[in-house]
Structure formats: C-alpha cells, structure tokens
Amino acid sequence: MPDPGGIPELRASLLGWYRRVRRDLPWRRDADDYRVWVSEVMLQQTTVRAVAPYFERFLARFPTVHALAVAGEEDVLAAWSGLGYYHRARNLHRGARHVVERHGGRFPRSVEAALAVPGVGPYTAGAVLSIAYGEPVAALDGNVRRVTARLFAVTEEGPRGDAACRTHARELLETRAPGDWNQAVMELGATVCTPRRPRCGGCPVAGHCRAHARGEEASFPRARTRRAPVQVTVAAAIVERHGRVLLVRRAEGRLMGRLWEIPQTSLEGGGAAGLEAELRERHGLHVEAGALLARAAHAITFRRIRLEAYRARLRGRPPADSDRFRWVAREEVSGLAVSSLTHKVLRATAVPQGSTGYRA
Ligand code: SF4
C-alpha cells in the first residue's frame, strides 16, 4: 500500500515500467514546450488514437507558436476541423498570441504565469511545465484521478474527491523526473488501470494498491452524477448546385460558433415542413425539402442527436452574402472549419444522386 515507506518503491516500479513500455507517440519525440502544449490541448476529451493524425497535420500547418499566433482564426479552425470541442482551438490560438506578446514565444515557466495563458488550466499547466521544463508540478487528468483514487482507495466524491486525489498526486510525484512521472501515471490509467476493467494482473504497482488489496477496483473512483443525455432530432437540407453543396456559417458565440455546416435545425416533430420554416426564419433561405436521403446518429457532450438529411431545392435567388453562405465541392470541405456533424452528413449523403430528388 502507498504508505510513506512504500512510496519510493512504488515510484521506481511505475517509472521502470513506463520506460520499458511507453507508446511511441508523435508528441513524445520532442519535449518542446509548444509541441507538448498543443498535444495536451488536443488530448483533452479526445483519445490518443484520434489525436495522432491531427497533431502531425496541425504542426505541419503551424510549426511554431509564432506561426499559430499570426494565423487567421478560420485557418486554425480548419486545421482543427473534425477534432471537435472547438473552444480548445480558439483558446489555443488566443494562448499563442498571449505567449508571443508577453513571453517572447516561450510557454511561461511558472504555474502562476502559465495559468494566465488563455485556455490553460491546472492540468495543462502541470503537464507542460513538467514534461517540457522538468518542473516538479503534478498534473491531474481523468486518468491520474482514477489511478490515485484506486491506489489510495479515495472514498470522497465530487470536488472533495478531486481535492484528495490532487493531494495524493502531489505526494506521489517523482520530483527528479516529473515529466516522465506524470506521463507514467497517465499511461497506466490509459492502458492498464482503465475505467471498466483494470488489468491488475499486469499492473506494476498492484502491490501498492489499496483498491486492489480489497478486491474493489471497480468501486473507485466513486461515481459522479452525470448529466442525463438529451435526445434531439436535427433535420439538414442538402442543397446542391453545379456539383457544389450549400453551407451556412453558424453565428458567433454559439456552441461551435463560426463553423460552417449544412443548413440545419433541431426539430420538434416538424419533419420536412419544420425544416423549411426554420431555415426561412433563421437564414432567410427559401428551400423546398424533398426526399429523405440519410439518417445518422451523433453525440455532442450530453446531446444525443438523431439526424435526418433531406435533399432540398433552393427557391428564388441563391444567397449572396459570402461571409454567411458558401457553395463548396464535397472534396473541398476538409479545408474549411466544419462541424463533425456536417462531415458525417456529407459522408452519409455522398451517394450518386438519383432521379427522385431535387437539385437547384
Ligand atoms: Fe489500477 Fe489495478 Fe493497478 Fe490498482 S492494481 S492501480 S486498480 S490496475
């Protein structure tokens, strides 16, 4: 068990394991502050497997913090397109400007200054400072929280549980190699001490784990009350013209603000008629909805979206405001800042057009 006498042994076991088995991930090849920062922001709420290709592309597009700081928001969102949670991209962009203006392009070295960077919270600050600079700061993400809750059999729930885990994470921190240490705990949580079925038989610190000693691994961490999922039905209008599909831009400040998307609206049982009325009211678009082309399911935070995509014909003149409306060839969509739901709709409807629907 991790009592003060056992902690050095626990640290040695976990670090030794990590150095033997760690995955070769693109952001681990160079502990440059900018690369570490970008990777940590991308990895929030997103899996390693999903992030890897985006990370390479993003770094190719914006190889330095200076390149990111001078980029336009549209370019940054386009490079982020498909990763979701776009507020992260906007904050990273603002953070890059802050770091260039206030710190000469280097991520600050103190926790206090790091927390003043837009979008940087205690976790990101701890991860970047420890991995890029070797500063002895613990980083508590979901993986670290789970591992510490199990090692110490933390019974408190919610914020009190978080505080207890944070205290334990600080006690455990190997100050001689804080970057490797933080990554070792995260790696253990991601690959061995997983949420549902921890593989305690292959765990390098099983002999120190209180939850394991009690045979109660699955009881920790104590469950949080989750927001109940909300079911939403969204209807989308596929309007095509000369091989291009019509996209509209979401308003500033809304969820996924300023992203491009297929004209769409949530429906309360209104079907195609509700779609026509809503698009008229919201965008001034006069469309006539035709055949149902595809159905798809999508999840955003607590919303469970059931999507219905209708072929639609534009009535009247095409919209002229190029800041709000754009005709885009399907193969060009990946170059725009587009919501994941729109990518899904376009994939679902990318079948040869038959003769039953409409074309503008
Ligand atoms: Fe997690 Fe099991 Fe290892 Fe404990 S023994 S840290 S529950 S994998």
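Some ground rules. The model is predicted, with local features needing pLDDT of at least 70 and side-chain atom pairs counting only at pLDDT 80 or more, while totals for chains, interfaces and linings use all residues. Residues are numbered from 1 along each chain as its sequence is written, and side-chain values use heavy atoms, leaving out hydrogens and water.

Overall picture. The protein chain has 14 helices and 7 strands. Those are DSSP runs, H or I of at least four residues for helices and E of at least two for strands, numbered from the N terminus. Along the principal axes, the C-alpha atoms fill a box of roughly 80 × 50 × 35 Å. The chain has 360 residues, and 50% of them count as buried. Buried means under 20% relative accessible area, exposed over 50%, and partly exposed in between, with a 1.4 Å probe and protein chains only.

Now the ligand. What surrounds the ligand? Arg-150, Cys-193, Pro-198, Cys-200, Cys-203, Ala-206, Cys-209, His-212 and Glu-217 do. The cut-off is a heavy atom within 4 Å. By type, this shell divides into 6 nonpolar, 1 polar and 2 charged residues. Here Ala, Val, Leu, Ile, Met, Phe, Trp, Tyr, Cys and Pro count as nonpolar, Asp, Glu, Lys and Arg as charged, and the others, Gly among them, as polar. The space taken by the ligand is the largest cavity. A cavity, on a 1 Å grid over the protein atoms alone, is a set of points where a 1.4 Å probe fits but cannot get out. A molecule sits in one if more than half of its atoms lie within 2 Å of the grid points.

Next, the loop between H11 and H12. Arg-196 is exposed, at 75% relative accessible area. Its C-alpha is 39 Å from that of Glu-331, 135 residues apart along the chain. Gly-207 lies in the loop between H11 and H12 too. Gly-207 is exposed as well, at 67%. Yet the C-alpha atoms of Gly-207 and Leu-10, 197 residues apart along the chain, are separated by 8.5 Å.

On to the backbone. Phe-220 and Pro-221 are joined by a cis peptide bond, with omega about -5 degrees. Pro-221 sits in the loop between helix H12 (210–213) and strand E1 (230–241).

Two residues other than glycine have positive phi. Gln-45 has phi near 60 degrees, and lies between helix H2 (33–43) and helix H3 (48–61). Ala-153 has phi of about 45 degrees, and lies between helix H9 (142–151) and helix H10 (158–172). Which is buried and which is exposed? Gln-45 is exposed, at 54%. Ala-153 is buried, at 7%.

That brings us to H10. H10 has 15 residues and spans 21 Å from first C-alpha to last, close to the 21 Å expected at 1.5 Å a residue. The expected span is 1.5 Å times one less than the number of residues. Its buried residues are Gly-158, Gly-161, Asp-162, Ala-164, Cys-165, His-168, Ala-169 and Leu-172. They are on the same side of H10, because they cover an arc of only 165 degrees around the axis. The arc is taken from the directions from the helix axis to the C-beta atoms. An α-helix has 3.6 residues a turn, so residues three or four places apart point the same way. On the other side of H10, Pro-159, Arg-160 and Arg-170 are exposed.

Last stop, helix H14. Val-345 is in this helix, residues 340–348. Val-345 is buried, at 1% relative accessible area.

Technical notes. On a 1 Å grid over the protein atoms alone, a cavity is a set of points where a 1.4 Å probe fits but cannot get out, and a pocket is an open set with protein on both sides within 12 Å along at least five of seven lines; lining residues have an atom within 4 Å of a point.
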